[in-house]
Amino acid sequence: MEDIALQSLIEQIVINLGTVQTDGQWYIGKIISEAISQSAARPKLAEVCKVLVAHPKANLSYTYLRQCVRTFTYYPDALQRSLPSGLYFILANHIYRHEDRDRFEQLAAEQNWNANQLAAEIRKEARSRKEQAKSELGFDLQLTNLWYFNTSDPRFGKSDFRGRIAGQIVANALYYFAGTNGLVVDVFAGSGTLGDVMDTLPAFEGRKYVMFDLTPSDERIQKNDVILTGIPLLDNSAGYVFLDPPYAHLGQRYYGTSESDLSRMAPETFLAVMFSVIRECKRVLLPGKNVSLIIEPIMPFDGDLIDLQFRLGQKFIEEGFAPVSKVYVPNQTMRNEGSMPNIIAQSRNKKKLISDCRELLTFRKVARDDSGVNNIATGCKRRK
Ligand SMILES: C[S@@+](CC[C@H](N)C(=O)[O-])C[C@H]1O[C@@H](n2cnc3c(N)ncnc32)[C@H](O)[C@@H]1O
């Protein structure tokens with residue numbers, strides 16, 4: 001749209017908005033929507049809102065403007081409906097599904113709720129839905145690719161084990177990436193968190209798993225040095241592989257004094273070992289099945305970034321795996337543990353950032369007929 005035409009449309013909207021109270025959200029939405037639909041140039045809503053926000057007399061946020069327009073769009077007849085118009089702002093912007101909006105509208109009318117009561121009831125239902133999902137599955141199901149847990153669920157893993165992963169991470173990884181059949185394999189089992197998750201949660205009942213580690217912490221875990229014997233399974237025998245290796249932090253030596261302990265290795269040696277583990281994953285996985293790796297970058301105080309997830313992700317692709325997912329997993333559960341407070345103090349003194357977020361990367365072993373590539377724009381698959 002021409003700048004001049006847009007500016008004059010904005011001026012007109014600003015004049016009209018001047019006649020409305022700031023809480024007249026439905027009217028604000030009506031003024032903007034009607035101005036756009038009556039304009040011959042039909043500018044985009046996002047463009048109009050962006051310019052409006054920058055106008056010195058408008059003084060309303062972009063999000064608020066979009067919410068006002070949504071209110072008018074969903075409820076153009078709000079003035080003829082049963083509730084005060086302010087409640088339609090809440091219905092339009094706090095509830096996603098229109099059936100739920102209709103249900104809450106009816107409830108609010110029957111119970112004579114004010115805006116605060118309506119918002120509180122909507123929040124209450126959202127919380128109870130989350131709790132219900134949790135009790136059905138037995139764990140805190142995540143719905144986005146940011147998995148943030150304040151504490152480790154005490155049912156999973158051994159609390160005194162250094163580097164124990166929060167069981168909720170494993171549970172979500174299994175739920176989303178392990179599929180429903182085939183042997184689940186943990187190559188760096190540590191304190192047996194994966195086994196505990198699978199033994200405890202009904203969602204994974206009956207699924208077989210095997211755990212390996214250089215230093216087994218209980219009898220369910222088989223002793224294995226991944227450097228010497230790779231993943232000791234037959235070709236095409238695994239339904240999912242989970243990798244939680246110790247990162248190559250020089251001198252960390254969390255897991256013993258063996259030369260094979262990955263936590264003792266220089267980063268390049270660590271990467272070389274992990275490259276061979278990736279090749280092993282390719283060998284043992286059934287076609288079409290996934291492997292997940294949880295990893296973070298090394299950000300030394302006295303050197304450059306070593307981007308482990310990038311280097312390892314690249315190796316998966318080189319080996320012919322297809323990328324499936326990337327999840328961000330903040331380290332919050334460990335912030336007050338071990339040497340972390342000391343590391344945080346050092347980072348402040350040295351003016352260097354520390355890594356505080358892991359990534360859970362998942363790749364699929366490409367099946368013979370899986371030659372489609374993802375179309376980024378549509379998410380559809382097309383044949384090469
Ligand atoms: C980060 S911990 C895994 C923690 C585990 N996911 C848990 O929740 O308890 C990494 C594990 O890798 C094991 N490890 C280190 N070097 C190894 C090697 N060469 N072969 C097999 N396991 C190794 C360590 O003994 C340690 O238990």
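Helices (H or I, at least four residues) and strands (E, at least two) are DSSP runs, numbered from the N terminus.

I also noted that this is a predicted model, where local features need pLDDT of at least 70, side-chain atom pairs count only at pLDDT 80 or more, and totals for chains, interfaces and linings use all residues. Residues are numbered from 1 along each chain as its sequence is written.

**Entry 1: the sheet.** I traced 7 strands in an open sheet with mixed pairing, in the order E3-E2-E1-E4-E5-E7-E6. At the edges I found E3 (221–223) and E6 (322–330), each pairing on one side only. From one strand to the next, the twist averages 20°.

**Entry 2: strand E5.** Which strands pair with E5, and in what sense? E4 (residues 238–243) runs parallel to E5, with 5 bridges, while E7 (residues 357–364) is antiparallel to E5, with 6 bridges. I then checked cover, calling a residue buried if 20 or more other C-beta atoms, placed from the backbone, lie within 10 Å of its own. By that count 8 of the 11 residues of E5 (285–295) are buried.

Entry 3: E1 (residues 183–186) and E2 (residues 209–213) pair in the parallel sense over 3 bridges, and Val185 has Val210 as its bridge partner in E2. I counted a contact when C-beta atoms, placed from the backbone, lie within 7 Å. Leaving out residues up to four places away in sequence, Val185 touches Val210, Ile231, Leu233, Ala238, Tyr240, Val241 and Phe242. For a nonpolar core I took buried Ala, Val, Leu, Ile, Met, Phe, Trp, Tyr and Cys residues joined through C-beta atoms within 7 Å. The largest such core has 55 residues, and Val170, Val185, Val187 and Val241 touch the most other members. A second, separate core of 27 residues includes Ile13, Ile31, Leu87 and Ala108.

**Entry 4: H1 and H2.** I fitted axes as lines to C-alpha atoms over the stretch in contact, with angles from 0 to 180 degrees between N-to-C directions. The axes of H1 (residues 3–17) and H2 (residues 25–38) come within 10 Å and cross at roughly 155°. Angles over 145 degrees count as roughly antiparallel, so H1 is roughly antiparallel to H2. Where they meet, H1 brings Leu9, Gln12, Ile13, Asn16 and Leu17, and H2 brings Ile28, Ile31, Ile32 and Ala35.

Definitions and conventions: Buried ≥ 20, exposed ≤ 12 C-beta atoms within 10 Å, placed from the backbone. Pairing = 2+ DSSP bridges. Contact = placed C-beta atoms within 7 Å. Parallel < 35°, antiparallel > 145°, perpendicular 65-115°, else oblique.
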